[in-house]
Amino acid sequence: MMTAAEDDRQYEARVLAEAEAWRERQLRRPGLWDMATRATQDRINRIIPERVHQIVTSGVELTTRGIMTGADWTTARPLLHGSLRKREELIQTRVDFYRTTASVEGGVAGAGGFLLAAADFPALLAIKIKLLAEIGALYGHSGKSLSERLFLLRIFQMAFSSARHRPEALAALEAAGKGLHQPERIEDFDWRKFQLEYRDYIDLAKMAQLIPVIGAPVGVVVNWRLTTRLATTAMNAYRLRWFEDEHLT
């Protein structure tokens, strides 16, 4: 029978391989599908009413900055002891909770027409940031410090970057994990680039929420997938950081 320590080592070997494979995928050149999607997104951006763009842009920036500077959002108590396997078991329960919450919110917004669909952008953003903060805390990191909040922002940026920008986003994420090349204040973060990448990534899917009848089911599915993508990115980012810290110690 395998001991608990052996089980933990086996688990860590498996998730390290998963994290390294995830990292390699982020460095791939954009494929034909990515380039076609990018071209489609550019065309959609040109025909979407400016009012919609303004709502999304201001919602992303103002909501994110408000959340990241709000003590109650990113200061979950860090878990200081526990194996990686136990931590990720706890993380999965929180991912399930937030993913379900995001799906319900997306369905309600999709059924409510333009105004509720537009309001879904900042609401979903708040859910995602809160999820990131809890994931970070369960890996043992406190959201009180500027460096950790910037790391959360880099994870978010990594999750919702286009294939063309993922290598750059990955480099920024890894630098943030080491505390390198980061702004001295959260206000100095490149918020414009952050919100443009996020908006462009989700526009294509989220605009379908504005369509009568199908808006509600689209909102459920899209929010589920977006939250899953963010959680996957966060877990792999923290896994790589975990193993790097373990190696250094």
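Here is a friendly conversation about a predicted model of one protein chain.

Visitor: How many helices and how many strands does the chain have?
Guide: Welcome! Reading from the N terminus on, the elements run α-α-α-α-α-α-α-α-α. That gives zero strands, and the number of helices is nine.

Visitor: What share of the contacts with a separation of 6 or more comes from residues 24 or more positions apart?
Guide: The chain has 249 residues, and 47% of them count as buried. Among contacts with a separation of 6 or more, the share from residues 24 or more positions apart is 83%.

Visitor: Which residues touch the most other members of the largest nonpolar core?
Guide: This core has 50 residues. The residues that touch the most other members are Ile135, Leu153, Ile155, Phe156 and Leu173.

Visitor: What is Leu173 in contact with, leaving aside its neighbours within four places in sequence?
Guide: Leu173 is one of the buried residues of H7, and it is among the core residues that touch the most other members. Leaving aside neighbours within four places in sequence, its contacts are Trp22, Phe151, Arg154, Ile155, Met158 and Ala237.

Visitor: How far apart are the end C-alpha atoms of H7, and what span should its 12 residues have?
Guide: At 1.5 Å a residue, the 12 residues of H7 should span 16 Å. The model agrees with that expectation, because the end C-alpha atoms of H7 are apart by 16 Å.

Visitor: Is His181 buried or exposed?
Guide: You will find His181 in the loop between H7 and H8. Its phi is near 55 degrees, a positive value in a residue other than glycine. The relative accessible area of His181 is 73%, and the cut-off for the exposed class is over 50%, so His181 is exposed.

Visitor: Which residues are closest to the centre of the second largest pocket?
Guide: This pocket has a volume of about 260 Å³. H1, H7 and H9 each supply at least two residues of its lining. By class, the lining has seven nonpolar, one polar and six charged residues. Of the 14 lining residues, the closest to the centre are Glu174, Lys178, Leu240, Arg241 and Glu244.

Visitor: Is Asn236 buried or exposed?
Guide: Asn236 lies in helix H9. Its relative accessible area is 5%, and buried means under 20%, so Asn236 is buried.

Visitor: What is the separation of the C-alpha atoms of Asn236 and Ile155?
Guide: Not counting residues up to four places away in sequence, Asn236 touches Glu18, Ala19 and Trp22. Asn236 and Ile155 are 81 residues apart along the chain. Their C-alpha atoms are separated by 9.7 Å.

Visitor: Which residues does Thr227 touch, not counting those up to four places away in sequence?
Guide: Thr227 is found in helix H9. With a relative accessibility of 0%, Thr227 counts as buried. Not counting residues up to four places away in sequence, Thr227 touches Tyr98, Arg99, Ala102, Leu124 and Leu131.

Technical notes:
Residues numbered from 1 in each chain as written. Predicted model: local features only at pLDDT ≥ 70, side-chain atom pairs only at ≥ 80, totals over all residues. Heavy atoms only, no water. Core = buried A, V, L, I, M, F, W, Y, C linked by side-chain atoms within 4.5 Å. Buried < 20%, exposed > 50% of the residue type's maximum accessible area, 1.4 Å probe, protein only. Contact = heavy atoms within 4.5 Å. 1 Å grid on protein atoms, 1.4 Å probe; cavity = no way out; pocket = protein on both sides within 12 Å on 5 of 7 lines; lining within 4 Å. Points joined across faces, edges and corners; volume = space filled by probe spheres on them. Helix = DSSP H or I, 4+ residues; strand = E, 2+ residues; numbered from the N terminus. Nonpolar A, V, L, I, M, F, W, Y, C, P; charged D, E, K, R; others polar. Expected span 1.5 Å × (residues − 1).
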